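Please have the sequence and the 3D view open for this briefing. It covers a cavity, a set of aromatic contacts and some strand pairing.

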Amino acid sequence: MTGSGQRGAAVDSALRARDIDRAQASTVLDAAYAEGQLGAQEYHDRVSKANGSRTLGELARLVADLQSPAVFGGDTAAERPRRRAPERYPADTRARSADRAETVDALDTAHADGQLDADEHAALVELATEARTLGDLSTLVADLQQRPSAPSKPRIHPDRTRLVVIALAIATAIAGFVWTVRDDEPAPAASATVDYDAASPLVIPTPMLNTLAGFLQFRDDYRAGFGDTLVDEAVMHDEHASAVRRAGNGNSTADYTYRGGFARTSSQLGSRERDAVDIDLAQVNAEALGAALANAAATVRVPNGAVTHFRIADDSWAGGPGITVFVRNDVAQSGHFVLSFSGDVLKTYPYRG
């Protein structure tokens with residue numbers, strides 16, 4: 001891009017956003033959520049930001065990593081250049097449910113024709129169903145003979161895009177009203193002004209994850225995302241958490257981060273120890289954990305200490321599955337203790353000042 005082009009882009013991004021611009025961004029986010037590109041938490045966060053955006057640049061950043069939703073259609077024969085290869089999305093573009101399904105189909109075919117054994121197939125299918133980007137998916141099938149084609153960006157006539165967006169915005173506004181009309185009364189006239197702030201966006205607050213409330217939300221979201229509460233390890237910090245769970249046939253592990261939703265930290269699988277055991281988060285006595293966290297500073301004798309994080313794991317040095325709670329204060333005095341799932345303090349490592 002030339003210098004003048006760069007200056008033009010900067011000017012465009014600084015332009016004030018109109019209601020119709022915010023409606024367009026929300027329409028793209030709605031379609032991306034329906035297509036599986038965004039999880040529920042990400043969708044709500046982005047819609048909330050779109051509603052409050054002041055400039056076109058702010059809106060553009062909210063949809064920059066998304067595929068063009070199917071609602072805008074694709075090329076027509078008249079619009080498609082004859083000798084120009086389709087432009088592919090970059091690897092960090094969000095994947096749709098359809099992209100994940102195509103990758104699973106390719107893995108099934110590779111398993112059927114002997115490219116993958118049963119363990120490899122099971123592990124790769126689990127990774128494909130949890131993949132977040134097109135790059136994650138392409139890595140899983142890079143060494144297969146038959147791979148799904150990467151989605152390409154549709155080329156859309158600007159006028160048609162504007163008409164589709166305006167039609168969707170008007171349809172959304174009209175759908176928010178229900179009129180009951182009596183035969184002897186004329187129907188009221190529709191207002192020409194659309195109040196885009198009439199429905200407040202849904203914002204889901206996330207508690208501090210190293211608290212009892214944070215642990216309970218983490219456990220509920222984990223159950224909803226994976227169908228069980230089994231982990232090899234879970235670590236709860238204040239604003240994020242991590243989890244390790246077995247993958248495939250149980251000889252491998254997958255790592256996840258949690259910030260209101262779960263995301264794979266790597267497309268690679270780790271090796272699971274032969275004697276590793278499943279830890280069931282449902283067995284943690286929540287009331288006892290809450291009391292232990294509240295009294296943590298006193299337990300390890302750290303003046304004005306606070307819980308920095310706690311780790312749920314099966315440690316031989318701790319005598320088996322348990323919860324290790326770490327406490328620290330502003331002057332770097334620290335200690336930790338190990339709690340059983342039932343709430344008994346098994347070991348203490350107090351501050352010795």
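What follows is a short tour of a predicted model, grouped by topic.

**Cavity**

- The model holds 1 cavity of 30 Å³ or more.
- The space inside the largest cavity is about 40 Å³.
- Its lining consists of Asp228, Leu230, Val231, Asp232, Arg245, Arg246 and Asp278.
- By class, that lining has 5 charged residues, 2 nonpolar ones and no polar ones.
- Which strands each supply at least two residues of the lining? They are strand E1 (230–231) and strand E3 (241–247).

**Strand E3 and its partners**

- Strand E3 also pairs with strand E2 (residues 233–236), in the antiparallel sense and over 4 bridges.
- How many bridges join E3 to strand E4 (residues 252–258)? There are 7, and these two strands run antiparallel.
- Within that pairing, valine 244 has aspartate 255 in E4 as its bridge partner.
- E3 is mostly covered, with 5 of its 7 residues buried.
- As background, side chains in a regular strand alternate between the two faces of the sheet.

**Aromatic contacts**

- The count of aromatic pairs is 10.
- One of them joins tyrosine 222 and phenylalanine 226, with ring centres 4.6 Å apart.
- The planes of tyrosine 222 and phenylalanine 226 make an angle of 50 degrees. The pair counts as tilted because stacked needs planes under 30 degrees apart and edge-to-face needs over 60.
- Why are tyrosine 222 and phenylalanine 226 separated by about one helical turn? They are 4 residues apart in helix H9 (residues 212–226), so about one helical turn lies between them.
- Are tyrosine 222 and phenylalanine 226 buried or exposed? Both are buried.
- Ring pairs also build a cluster, made up of Phe218, Tyr222, Phe226, Tyr256, Tyr258 and Phe262.

**A charge over a ring**

- Tyrosine 256, a member of that cluster, has arginine 264 over its face.
- The distance from arginine 264 to the ring centre of tyrosine 256 is 5.6 Å.

How values were computed
Residues are numbered from 1 along each chain as its sequence is written. This is a predicted model: local features need pLDDT of at least 70, side-chain atom pairs count only at pLDDT 80 or more; totals for chains, interfaces and linings use all residues. Side-chain values use heavy atoms; hydrogens and water are left out. On a 1 Å grid over the protein atoms alone, a cavity is a set of points where a 1.4 Å probe fits but cannot get out, and a pocket is an open set with protein on both sides within 12 Å along at least five of seven lines; lining residues have an atom within 4 Å of a point. Grid points are joined across faces, edges and corners, and a volume is the space filled by probe spheres set on the points. Ala, Val, Leu, Ile, Met, Phe, Trp, Tyr, Cys and Pro count as nonpolar, Asp, Glu, Lys and Arg as charged, and the others, Gly among them, as polar. Rings of Phe, Tyr and Trp (its six-membered ring) pair if their centres lie within 6.5 Å; planes under 30 degrees apart count as stacked, over 60 as edge-to-face and the rest as tilted. Buried means under 20% relative accessible area, exposed over 50%, partly exposed in between (1.4 Å probe, protein chains only). A charge sits over a ring if NZ of Lys or CZ of Arg is within 6 Å of the ring centre and within 35 degrees of the ring normal. Two strands pair if DSSP finds at least two bridges between them.
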